[in-house]
Amino acid sequence: MEETSKQVRKLAHLARLSLTPEEEGELAGRLEQMVSYLEALSQVEDGEATEATSAVSFRPDGVAPSLDRDKLLENAPQVRDGYVVTPRSVGEGDGA
Amino acid sequence: MNLTHLTALELGRAIASGDVTIPQATQAALEEISQRDKSLNSCITVLTEQAMERAETLQKGLKPGLSPLYGVPLLLKDNLCTQGIKTTCGSKLLEGYVPPYDATVVEKVQRVGGVCLGKGNLDEFAMGSTTETSHFGPTRNPWEESRVPGGSSGGCAAGVAAGFAWYALGSDTGGSIRQPAGYCGLTGLKPTYGTVSRYGLVAYASSLDQVGPLCRDAADCAAVLDILQGKDSRDSTTVDGNYGGLLSSLTSDIRGLRVGLPVECFGEGLDPQVAQRVQEVAKVLQHRGAILTEVSIPELKQVIPAYYVLASAEASSNLARYDGVKYGFRAEEYKNLTQMYENTRSQGFGKEAKLRILLGTFVLSAGYYEAYYKKALAVKEQVKVGLERAFATCDVLLTPVTPNTAPKLGESLADPMKMYLSDLYTVPANLAGLPALSMPCGVDGEGLPVGAQLMGPRFGEQLLLNTAYAYQQETDYHKCVPRGGEGR
């Protein structure tokens with residue numbers, strides 16, 4: 001179980017989720033159940049799985065109006081002078 | 001005449017002939033909503049004023065030669081973007097999100113004179129089979145309010161069944177149109193992948209998602225799909241299906257149609273009452289001249305694990321965009337950018353979404369990709385091959401929609417594994433990208449609707465709709481309304 005919790009914490013970090021201890025416990029249990037169910041796939045022969053259908057045909061490039069910038073920014077949680085505001089990302093790890 | 005019991009096409013004809021006005025129909029539906037939706041909770045947003053205003057405008061534009069659904073009010077699942085109208089996906093993360101654009105399908109129904117009454121409740125980001133994981137509370141089944149309506153398009157299904165609207169647009173990733181249609185006694189269709197544009201449909205698992213109609217009968221589904229289908233330059237996966245007019249090609253002649261019954265879909269775990277009802281469908285089709293054949297598709301065995309690997313993998317990637325930067329919810333407290341992402345996502349997503357994001361992250365992570373994701377892709381290919389083989393000897397396949405009728409609220413949350421497994425008849429069509437239709441075929445001992453599924457070859461929508469249309473000429477199940485809707 002400790003091993004599972006450790007793995008869930010690692011996955012949560014990769015997915016940018018911070019789980020409460022209760023959530024971690026519950027989701028670890030459910031994930032373990034799901035993953036053991038998915039073991040059934042190990043019997044499947046690899047075969048020639050195509051990664052993605054590549055039959056998509058490209059459309060010709062064309063100039064068309066795009067969505068209105070001010071309208072788009074209305075949905076942003078924090079805006080200043082027409083820019084989206086976030087905490088600084090440079091030097092984040094140094095407590096800067 | 002009880003307006004809200006008409007089919008969409010019947011109402012369209014009544015509007016065109018002047019027997020009913022569009023504001024009258026809109027008003028009737030809004031009254032039903034205000035009377036009963038407090039207990040059903042089928043709509044996240046009700047557009048009372050906008051709908052009445054639009055109805056008045058459309059009424060003035062009434063003239064001969066318009067769409068057969070001109071003026072007919074509808075519901076939209078709340079994962080379809082609507083310009084200027086909240087689109088929440090049933091999530092706290094998008095609680096206040098107001099899209100600056102319409103989904104292509106929304107544009108299309110508006111262009112032919114649709115009146116949008118509201119946005120239907122759904123499982124958060126369409127992840128679920130009961131509409132219980134919505135941030136806005138569960139929807140109840142109008143046939144029996146202690147039961148779920150199915151999901152994830154449960155709000156739309158409950159709403160149409162309860163007479164809140166004449167049809168609805170839902171989305172189907174693993175059965176999210178067909179299963180709630182089955183639980184609520186409606187006819188629902190998941191089109192061939194690529195038939196309907198996904199532009200403006202909030203993505204769950206992009207390689208499986210399709211938008212489609214939830215209606216009272218097959219003719220309505222044909223009329224709605226006539227409107228929705230078509231290539232869209234804004235969704236490069238759309239194709240031209242060359243359907244012609246689906247509605248105009250309904251003949252109800254199914255003489256010589258080869259109907260296959262896959263033995264794998266009538267085995268262990270299937271409620272005998274459901275099996276019985278579906279076998280009765282086969283008899284009705286046979287009576288109309290169809291030829292029944294038993295087929296075997298052993299490839300269907302691994303569809304559930306394959307589906308949950310692929311859908312979760314795509315979901316974990318698609319849902320990475322919800323970071324609190326450009327739109328949607330942002331956590332109030334954070335010390336740096338990473339913490340802002342983490343707090344936003346942790347507070348914004350519900351438990352089911354988190355589980356699927358974690359599962360998707362797991363199956364895509366180094367060391368596990370080969371063991372899970374690649375194997376799931378192999379199953380997807382095998383399912384395609386197995387179904388293609390079946391369609392060499394039959395024209396359509398007949399199966400149940402679900403192994404059981406609608407469960408009680410809370411049951412599936414307590415045993416999610418059982419809920420996942422109940423998708424086994426619906427996911428093959430998504431994995432193979434094929435069209436599939438769900439239609440009502442009677443009730444079980446408790447009076448709950450049972451659904452039968454017809455699956456067809458690529459672009460076989462006409463076959464499915466015509467088969468269901470023929471069935472509905474012989475039976476009245478599609479005309480049954482939930483108890484709560486009677487006598488109004």
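**Notebook: a two-chain predicted model**

I started with Ser152(B), which I found in the loop between strand E3 (115-120) and H5 of chain B. In these notes helices (H or I, at least four residues) and strands (E, at least two) are DSSP runs, numbered from the N terminus. I work with a predicted model, in which local features need pLDDT of at least 70 and side-chain atom pairs count only at pLDDT 80 or more, while totals for chains, interfaces and linings use all residues. Residues are numbered from 1 along each chain as its sequence is written, and chains are lettered from A and ligands numbered from 1 in the order in which they are written.

I looked up the peptide bond from Gly151(B) to Ser152(B) and found it cis, with omega near 10°. In the loop between E3 and H5 of chain B I also placed Phe125(B), whose phi is near 50°, a positive value in a residue other than glycine. I noted both because most residues other than glycine have a negative phi, and most peptide bonds are trans.

Is Phe125(B) buried or exposed? Phe125(B) counts as buried, because it has 29 C-beta neighbours inside 10 Å; the rule is that a residue is buried if 20 or more other C-beta atoms lie within 10 Å of its own, exposed if 12 or fewer, and partly exposed in between, with C-beta atoms placed from the backbone.

I then turned to helix H5 (residues 154-161) of chain B, where eight of the eight residues are buried, so the helix is largely enclosed by the rest of the structure. Among the buried residues of H5(B) I listed Gly154(B), Cys156(B), Val160(B) and Ala161(B). Just after H5(B), Gly163(B) takes a positive phi of about 85°.

I checked Cys89(B) as well, which lies in the loop between strand E2 (73-77) and helix H4 (104-111) of chain B. Cys89(B) is not a glycine, yet its phi is positive, at about 60°, and Cys89(B) is buried, with 31 other C-beta atoms within 10 Å.

**Chain B as a whole**

I counted 16 helices and eleven strands in chain B, and the C-alpha trace of chain B spans about 65 × 55 × 45 Å along its principal axes. Of the 488 residues of chain B, 62% count as buried.

Two residues are in contact if their C-beta atoms, placed from the backbone, lie within 7 Å. Among contacts in chain B between residues at least 6 apart in sequence, 77% join residues at least 24 apart.

Confidence I noted separately: chain B averages a pLDDT of 96, and 99% of the residues score at least 70, where pLDDT is the predictor's confidence in each residue, from 0 to 100. The predictor gives the complex an ipTM of 0.90 and a pTM of 0.96.

Ile22(B) is found in helix H2 (residues 22-40) of chain B and counts as buried, with 26 C-beta neighbours inside 10 Å. Leaving aside its neighbours within four places in sequence, Ile22(B) is in contact with residues including Ile15(B), Leu58(B) and Val115(B).

I found helix H11 (residues 351-364) of chain B to have 14 residues and to reach 20 Å from its first C-alpha to its last, close to the 20 Å expected at 1.5 Å a residue; the expected span is 1.5 Å times one less than the number of residues. H11(B) is mostly covered, with eleven of its 14 residues buried, including Lys354(B), Arg356(B) and Val363(B).

Which residues touch the most other members of the largest nonpolar core? In that core of 165 residues they are Leu74(B), Leu117(B) and Val309(B), a nonpolar core being a set of buried Ala, Val, Leu, Ile, Met, Phe, Trp, Tyr and Cys residues joined through C-beta atoms within 7 Å. Beyond its neighbours within four places in sequence, Val309(B) is in contact with Val363(B) and also with Leu38(A) and Leu41(A), among others.

**Chain A and the contact**

Chain A has three helices and two strands, and 12% of its 96 residues count as buried. The contact takes 41 residues from chain A and 48 residues from chain B. On the side of chain A that touches chain B, the largest share, eight residues, comes from H2(A).
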